[in-house]
Amino acid sequence: MAGAMLAVCTTFAQAHQEAAEAVSGPNPLADKVRAANNRFLDVKAATAEGYAPIPCASGITGGAMGIHYVNGQYLKDDKIDIARPEAVMYEPMADGTLKLVAVEYITSKGPASLDGQLFNFNSAPNRYGLGEFYELHVWAWKGNPTGTFADMNPKVSCEHAMAPSQ
């Protein structure tokens with residue numbers, strides 16, 4: 001009897017998880033971002049276009065954003081272009097590779113939006129040492145249970161990021 005109850009509970013839990021994933025499912029903006037930026041699947045494409053890495057960013061309560069490869073020119077121009085994100089985000093993997101997980105759009109002009117999706121406002125002072133800015137993360141390559149446009153992703157880790165001296 002206990003085994004049967006456990007099986008039923010497990011089935012309900014899996015169905016609930018699948019239903020939650022279906023609700024957050026495909027996102028038209030994430031689809032457009034993915035199509036416009038798939039060239040970054042290989043981190044060499046990002047470095048060839050002038051992106052440079054900054055350390056892996058982890059959340060205080062868990063999850064992470066990964067290693068941001070930032071394009072300084074795009075950061076300065078304040079333009080929002082779906083094919084020219086200010087940052088490309090990679091998760092460091094155990095084998096030393098980097099896996100594309102998201103992009104980030106950043107501007108100091110706001111309120112800002114991309115395809116109707118409003119950016120998040122970050123006041124100054126902030127942990128980045130920047131003035132006020134607006135940003136939008138788009139988790140187009142790795143699902144995020146907290147939302148396609150959330151800052152941190154509980155499914156991303158900095159566990160395998162190399163120390164700065166490496």
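User: In this predicted model, how many bridges join strand 3 to strand 4, and do the strands run parallel or antiparallel?

Analyst: Strand 3 (residues 87–92) and strand 4 run antiparallel, and six bridges join them.

User: What lies between strand 3 and strand 4?

Analyst: Five residues separate the two strands, which form a hairpin. Within the turn, Gly96 has a positive phi of about 90 degrees.

User: Which strand is joined to strand 4 by five bridges?

Analyst: That is strand 8 (residues 133–138), which runs antiparallel to strand 4.

User: How are side chains arranged along a strand in general?

Analyst: In a regular strand, side chains alternate between the two faces of the sheet.

User: Is strand 4 largely enclosed or open, and why?

Analyst: Burial is read from relative accessible area, with under 20% counting as buried. In strand 4 (residues 98–107), eight of the 10 residues are buried, so the strand is largely enclosed by the rest of the structure.

User: Let us turn to charged side chains. How many salt bridges are there?

Analyst: The criterion is a side-chain nitrogen of Lys or Arg within 4 Å of a carboxyl oxygen of Asp or Glu. By this rule there are five salt bridges. Among them is the pair Arg34 and Asp31, with the closest N and O atoms 2.9 Å apart.

User: Where do Arg34 and Asp31 lie?

Analyst: Both belong to helix 2 (residues 28–37), where they are three residues apart, about one turn of the helix. Arg34 is partly exposed at 27% relative accessible area, and Asp31 is likewise partly exposed, at 36%.

User: Which side chain meets Glu49 in a salt bridge?

Analyst: Glu49 meets Arg39, at 2.7 Å from N to O. Glu49 lies in the loop between helix 3 (43–48) and strand 1 (51–58), and Arg39 in the loop between helix 2 and helix 3, so the pair ties together parts that are 10 residues apart in sequence. Glu49 is partly exposed, with a relative accessible area of 29%, and Arg39 is partly exposed at 32%.

User: What is the partner of Lys142, and are the two residues buried or exposed?

Analyst: Lys142 forms a salt bridge with Glu91, also given as 2.7 Å from N to O. This pair links distant parts of the chain, since Lys142 is in the segment after strand 8 and Glu91 is in strand 3, 51 residues apart. Both Lys142 and Glu91 are buried.

Definitions and conventions:
Residues are numbered from 1 along each chain as its sequence is written. This is a predicted model: local features need pLDDT of at least 70, side-chain atom pairs count only at pLDDT 80 or more; totals for chains, interfaces and linings use all residues. Side-chain values use heavy atoms; hydrogens and water are left out. Buried means under 20% relative accessible area, exposed over 50%, partly exposed in between (1.4 Å probe, protein chains only). Helices (H or I, at least four residues) and strands (E, at least two) are DSSP runs, numbered from the N terminus. Two strands pair if DSSP finds at least two bridges between them.
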